[in-house]
Amino acid sequence: MKGFCLLRLDHIVIDTANLSQALEFYAGLPDVETSVETGRGIAALGQQKINIHEYPPTLSPVAKNPVIGRQAFRLLWPGTGERCKGGFLPEAGSTERFFVLDPDGNRIEAGFDPESTLPRLDGLELLTADLPASVRFYTEILGLKAIEAENGVLCLLEWGYIRLLPTAPALVRGSADFCLITDADIEAVHRELAGAPLVPGLGIVRRTGALGPLRSLYLRDPDGNLVEIAEYGKESLAL
């Protein structure tokens, strides 16, 4: 058993061809607030966010294969979704699943939870060239539980998931950049990840998350996706 737990996604990074257009789109989604920081836009929802970078990326480190669009993720809204469904298309053959494409072609699935009080970034899909190797990374190195589901494998966070897919024509392998929040001291996580594929030369660094200052370290999964593991102060951990 790992000495740390990964609680949830804090943020994902997407690249855009037109920052103003992307921010206008995300500002039109329910419960999403947009803003601009140096070098990037922010789409904040609940206690998480989407960082929107103009392409080509200038902040580092970055994913192995950064691209415009070609990401797939799930946003979860409180309630039954009646006020959200108008802007989303139904999944083929389903009356319960809906999606929309943003201006760059990122695919956003809409989920709804009557028991939730905040919107959240619920899940992320990753294309992998070697499913067993990716599963080993997320289970053996990061300590996530894996279950088979929908043509791939779900790696479960305390809240949310990462879906690993062996085939997904719309996705680009190694293009994802995302942050996972841990419940442990980042120094302890760093020691436990000795020998893991950490990004060289960084160690523990200070970053800004959806709720404020973070202390983070960075790894690359077998496909080159950039995985940030980060620690908030304990008062910021509860959703």
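**Aromatic pairs and cavities**

The structure holds 4 aromatic pairs, where rings of Phe, Tyr and Trp (its six-membered ring) pair if their centres lie within 6.5 Å, with planes under 30 degrees apart called stacked, over 60 edge-to-face and the rest tilted. In one of them, the planes of Phe25 and Tyr26 stand at 90° with ring centres 4.9 Å apart, so this pair is edge-to-face. Phe25 is buried at 19% relative accessible area, and Tyr26 is buried at 1%; buried means under 20%, exposed over 50% and partly exposed in between, using a 1.4 Å probe and protein chains only.

Trp77 and Phe88 make another edge-to-face pair, at 5.7 Å centre to centre and 70° between the planes. Trp77 has 0% relative accessibility and counts as buried, as does Phe88 at 7%.

This is a predicted model, in which local features need pLDDT of at least 70 and side-chain atom pairs pLDDT 80 or more, while totals for chains, interfaces and linings use all residues. Residues are numbered from 1 along each chain as its sequence is written, and side-chain values use heavy atoms, leaving out hydrogens and water.

A cavity is a set of points on a 1 Å grid over the protein atoms alone where a 1.4 Å probe fits but cannot get out, and lining residues have an atom within 4 Å of a point. Points are joined across faces, edges and corners, and the volume is the space filled by probe spheres set on them. The largest cavity holds about 80 Å³, and its lining includes His53, Pro57 and Asp177.

Notes: On a 1 Å grid over the protein atoms alone, a cavity is a set of points where a 1.4 Å probe fits but cannot get out, and a pocket is an open set with protein on both sides within 12 Å along at least five of seven lines; lining residues have an atom within 4 Å of a point.
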